[in-house]
Amino acid sequence: MATAMHAAKARLDVAASNLANVSTAGFRRSIARAALRGAGLVTTSVPDVAPGPLRRTGRSFDLAVAGEGAFFVRDRTGRAVAERSASFERDRRGRLVDESGRALLGERGPVVAGADATIDARGVVTVAGYDVATIVVRPGTTLQSGFLEGANVDAVHEMVEVLEAQRAFETAQKTLSAIDDERQKDVDDVGRVKQ
């Protein structure tokens with residue numbers, strides 16, 4: 001029963017985390033999976049890789065991937081990181097950087113663009129009718145300029161998960177308490193028999 005309580009608490013933690021991030025752009029919900037093992041009931045979580053809904057922002061430097069794929073940003077250590085959604089601003093050198101200061105990568109390094117630049121679905125950056133850069137994307141990637149990806153969390157579903165996990169925890173707790181009461185009764189009965 002104790003492992004059932006731990007499993008229910010783990011399930012509750014996963015659902016609560018998902019619910020807390022329902023408004024976090026690009027958040028991927030976790031899915032709790034329970035399995036019966038030698039040590040009892042064990043809960044693990046795996047990420048849900050389904051894309052979230054696209055939310056229109058109207059800002060031309062907000063980028064989201066429609067469908068599968070990714071674009072890349074370079075962090076301060078020089079490492080390229082795949083992203084599916086990010087809001088970019090121009091830094092003092094004209095580079096497009098996200099809120100963490102990571103530069104959007106083009107085929108020739110960080111993307112540098114004017115304030116009036118546009119980005120098409122293939123990742124081509126255009127300024128005044130001239131192509132100035134092409135964003136590095138995984139094959140088959142389609143970009144949406146002026147959109148951000150929302151969390152792939154359904155708030156109603158997560159509330160139901162929270163309630164079910166709470167009920168499972170309470171049921172396991174009551175069962176464990178009933179077992180303890182029975183054991184205590186047996187101990188008391190043995191004590192009376194010996195007298």
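Which strand gives the most to the lining of the largest pocket? Strand 7 does, with three residues. This is a predicted model, in which local features need pLDDT of at least 70 and side-chain atom pairs count only at pLDDT 80 or more, while totals for chains, interfaces and linings use all residues. Residues are numbered from 1 along each chain as its sequence is written, and side-chain values use heavy atoms, leaving out hydrogens and water.

The largest pocket holds about 160 Å³ of space. A pocket here is an open set of points on a 1 Å grid over the protein atoms alone, where a 1.4 Å probe fits, with protein on both sides within 12 Å along at least five of seven lines; lining residues have an atom within 4 Å of a point. The volume is the space filled by probe spheres set on the points. Two or more lining residues come from each of strand 7 (85-87) and strand 16 (147-149); strands are DSSP E runs of at least two residues, and helices H or I runs of at least four, numbered from the N terminus. Among the lining residues are Arg-28, Glu-83, Arg-84 and Glu-99.

Elsewhere, strand 1 (residues 30-37) and strand 2 (residues 40-47) pair in the antiparallel sense over eight bridges, pairing being assigned if DSSP finds at least two bridges. A hairpin of two residues joins these strands, and Arg-33 has Thr-44 in strand 2 as its bridge partner.

Glu-158 lies in helix 2 (residues 155-194). Because its relative accessibility is 1%, Glu-158 counts as buried, a class defined as under 20% relative accessible area with a 1.4 Å probe, protein chains only.

Technical notes: Buried means under 20% relative accessible area, exposed over 50%, partly exposed in between (1.4 Å probe, protein chains only).
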